Amino acid sequence: DAKEGPVYWLELDKNYSAAKLGPALKLSADTATPNMSSNSNGSKSTLSVTHMSLTDIAAGLRRQAGRPVEDHTGLKGTYDFRIEWAPEESPDSTDASLFTVLREQLGLKLVPAKGKTEIVVIDQLNHPSPN
């Protein structure tokens, strides 16, 4: 089912535009194969994207952001980038947070908002029958 809940809107940061993207956000070559891969070792997370739309990238950020992400950038086309961030900020970390990296490297920001979120509704629970 769906209900209203917390989401993030992926938007262009105020210092960027469709004509001036963040330094790590590049338009894809038309011949590239779509791919998104993420990796985390506990102290550093990495996200690599090839030939994907911002709508697909926003959907892929759900796990990293901790809630659904909706594309509100207005950007068309497909993009490539690779970013790294600290999954949990700490005084010892030299890596920035996901929010900071999105803004500084990609020219994008995550804005808290309300939106439709999918929820699981359990109609009935039964004990398993013995074999």
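Analyst: The account below goes from the sheet to the helix across it and then to the side chains between them.

This is a predicted model, in which local features need pLDDT of at least 70 and side-chain atom pairs count only at pLDDT 80 or more, while totals for chains, interfaces and linings use all residues. Residues are numbered from 1 along each chain as its sequence is written, and side-chain values use heavy atoms, with hydrogens and water left out.

The sheet is open and has three strands in the order β5-β1-β7, with mixed pairing. Because β5 (69-71) and β7 (108-118) stand at the edges with a single partner strand each, one side of each is left without a neighbour in the sheet. Neighbouring strands are turned by 35 degrees against each other on average, direction ignored. Strands here are DSSP runs of E of at least two residues and helices are runs of H or I of at least four, both numbered from the N terminus, and two strands pair if DSSP finds at least two bridges between them. Strand β1 (residues 2-12) and β7 run antiparallel and are joined by 11 bridges, and Gly-5 stands opposite Gly-115 in β7.

Helix α3 (residues 98-106) lies across β1 and β7 and runs at about 125 degrees to β7. Such angles, from 0 to 180 degrees, are taken between the N-to-C directions of axes, which are lines fitted to C-alpha atoms, for helices over the stretch in contact, where contact means heavy atoms within 4.5 Å.

The model has one aromatic pair, counted where ring centres of Phe, Tyr or Trp (its six-membered ring) lie within 6.5 Å, with planes under 30 degrees apart called stacked, over 60 edge-to-face and the rest tilted. The ring centres of Tyr-8 and Phe-99 are 5.5 Å apart and their planes stand at 70 degrees, so this pair is edge-to-face. Because Tyr-8 lies in strand β1 and Phe-99 in helix α3, the pair ties together parts that are 91 residues apart in sequence.

Tyr-8 counts as buried at 10% relative accessibility, whereas Phe-99, at 35%, counts as partly exposed; buried means under 20% relative accessible area, exposed over 50% and partly exposed in between (1.4 Å probe, protein chains only). Arg-67 lies over the face of Tyr-8, at 4.2 Å from the ring centre, a charge being placed over a ring if NZ of Lys or CZ of Arg is within 6 Å of the ring centre and within 35 degrees of the ring normal.
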